[in-house]
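Colleague: I'd like to learn how to read a few features off a model. Could you walk me through them, starting with charged pairs?

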Amino acid sequence: MERFVLRIVGSLMFLAVTMGSVPSSAIALPPVQGEVISLTTGIPGTMVIRDDKGQLHILNLTQQTQLGALFKVGDKVLAFFSPYGVSAVQLQGGNR
């Protein structure tokens with residue numbers, strides 16, 4: 001019984017060490033592509049986009065967010081994420 005408990009504890013420790021060594025880029029969210037539904041001006045601000053599946057995504061824009069343009073409702077955009085939030089928003093081709 002004692003060996004069994006030690007094996008479980010060892011396995012849990014291995015799992016904890018492995019999860020701690022996963023690079024943060026591996027847990028970043030995939031980019032989101034969609035249409036701007038609403039936005040607030042200024043930084044910090046927000047932008048709401050609707051993706052192709054109809055899901056709404058609320059983007060919290062900060063001073064660290066790289067904005068590729070002055071956006072307006074109806075623009076098609078691509079938003080990139082980092083473990084710290086929205087890292088960049090770009091206009092998609094065919095806008096304006």
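Modeller: A salt bridge here means a side-chain nitrogen of Lys or Arg within 4 Å of a carboxyl oxygen of Asp or Glu. Side chains of opposite charge can pair when their charged atoms come close. In this structure, aspartate 75 makes such a bridge with lysine 72, with 3.1 Å between the closest N and O atoms. Keep in mind that this is a predicted model, where local features need pLDDT of at least 70, side-chain atom pairs count only at pLDDT 80 or more, and totals for chains, interfaces and linings use all residues. Residues are numbered from 1 along each chain as its sequence is written, and side-chain values use heavy atoms, with hydrogens and water left out.

Colleague: How many salt bridges does a search of the whole structure find?

Modeller: Two. The other one joins glutamate 35 to lysine 76, with the closest N and O atoms 3.4 Å apart. Glutamate 35 sits in strand β1 (residues 32-39) and lysine 76 in strand β5 (residues 76-82), so this pair ties together parts that are 41 residues apart in sequence. Strands (E, at least two residues) are DSSP runs, numbered from the N terminus, as are helices (H or I, at least four).

Colleague: Is aspartate 75 buried or exposed?

Modeller: Buried means under 20% relative accessible area, exposed over 50%, and partly exposed in between, with a 1.4 Å probe and protein chains only. Aspartate 75 has 2%, so it is buried.

Colleague: Where is the place of aspartate 75, and what does its side chain lie 2.9 Å from?

Modeller: Aspartate 75 is in the loop between β4 (66-67) and β5. A polar atom of its side chain lies 2.9 Å from the backbone nitrogen of lysine 72.

Colleague: And how do I judge the confidence?

Modeller: pLDDT is the predictor's confidence in each residue, from 0 to 100. The chain has a mean of 82, and 73% of its residues reach 70 or more. Among the elements, helix α1 (residues 2-20) has the lowest mean, 64, while β1 has the highest, 95.

Terms used
Polar contact = N/O pair within 3.5 Å; in protein donor to acceptor, adjacent residues only side chain to side chain.
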